[in-house]
Structure formats: structure tokens, C-alpha cells
Amino acid sequence: MKALYTAIATSVGGRDGHITSSDGVLDFDVKKPKEMGGKGGNYTNPEQLFAAGYASCFSGALSHVGLLRRLRITSSVTAEVTIGEKDDGNGFMLAVVMNVNIPDVEQSVAEELAHEAHQFCPYSNATRGNIDVQIKVKGK
């Protein structure tokens, strides 16, 4: 791999801790959601951060594959990241549903673009074969 950029972030305290990035842009507390035994409140958690990163990355990949086809698309991508216990009870795992909305192209074209973006996106490449990722597409 030819490195283009390296993001650096530090967590202290895990799911009930604090996160900072090396450039100081990220500097906040993380807490467990109520659903996982936390107190709730105005805090983020690793699953939200993963969902935001994956949705953003996939959206960029979608724009890229659209431009390769000489299409200027308007789209939105919403990632649903679920954490749950593994079936054998030994640890936890993630699952993702990517909701891709491309209202200005026909459904079949929207599905092709989403499939191509899924092959191109670094997050998709990192998760492929490791977690269940479903792609749901809505076109014109």
C-alpha cells in the first residue's frame, strides 16, 4: 500500500473515556449508550463514530464512481452500525446497513453505482469478509 495519509487518535478509558486526535480536532468524551448499560446523555460512542466515518467514506466513493461514468449525482448515505453479542457468547461483533439514496438516477443505475462504490470504498474493503454489510439502494 502506498500511504497517502495517516489519522492518529488516542483513547483513554475505553467506552467511558476520552478521545483526542493528534491535530486536536477531536477532543471529547465517549460514553456507553443506555442500551449497553450506560447513563446516556450528550455523548458519542464508537459505533456512531464508525457509522459517521463509513457513511462519509462510502458517499465519497459513490461520487467518485459517478464521475468515472460522467454522472454528477446527488446522493445521501446513512450507515446503521449495530453491535451485538457473538452467537457463541464469546465477545461482540458489528453489522452494517448502508442506506444509499440516489434520487436523480434510475433504480438499476443507482444499484450499479452503489455496488461499484462498495468495491472502491476503503471502509468497505476493510470490512469485507469480516462483518455483515448490507447495501440498500433507492433510486428514481
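How many aromatic pairs does the structure hold? The structure holds 4 aromatic pairs, where rings of Phe, Tyr and Trp (its six-membered ring) pair if their centres lie within 6.5 Å.

## Basis of the model

This is a predicted model, in which local features need pLDDT of at least 70 and side-chain atom pairs count only at pLDDT 80 or more, whereas totals for chains, interfaces and linings use all residues. Residues are numbered from 1 along each chain as its sequence is written, and side-chain values use heavy atoms, with hydrogens and water left out.

## Aromatic residues

One of the pairs joins phenylalanine 50 and tyrosine 123, with 5.8 Å centre to centre and 50° between the planes. This geometry is tilted, the class left once planes under 30 degrees apart are counted as stacked and those over 60 as edge-to-face. The pair links distant parts of the chain, 73 residues apart: phenylalanine 50 lies in helix α1 and tyrosine 123 in helix α3 (residues 122–127). Helices (H or I, at least four residues) and strands (E, at least two) are DSSP runs, numbered from the N terminus.

Phenylalanine 50 has a relative accessible area of 23% and tyrosine 123 one of 30%. Both residues are therefore partly exposed, the range between buried (under 20%) and exposed (over 50%), with a 1.4 Å probe and protein chains only. Ring pairs also connect Phe50, Tyr54, Phe58 and Tyr123 as a cluster.

## The nonpolar core

The largest nonpolar core has 24 residues, among which Phe58, Leu62, Met98, Val100 and Ile102 touch the most other members. Such a core is a set of buried Ala, Val, Leu, Ile, Met, Phe, Trp, Tyr and Cys residues joined through side-chain atoms within 4.5 Å. At least two residues come from each of α1 (46–68), β4 (76–85), β5 (92–101) and α2 (107–120); α1 gives the most, with 8 residues.

Leaving aside neighbours within four places in sequence, methionine 98 is in contact (heavy atoms within 4.5 Å) with residues including Tyr54, Phe58, Val77, Val133 and Ile135.

## The three-stranded sheet

An open sheet is formed by 3 strands in the order β1-β2-β3, with antiparallel pairing; two strands pair if DSSP finds at least two bridges between them. Because β1 (9–12) and β3 (27–30) each have a single partner strand, one side of each is left without a neighbour in the sheet.

Strand β2 (residues 17–21) pairs with β3 over 4 bridges. Histidine 18 has aspartate 29 of β3 as its bridge partner.
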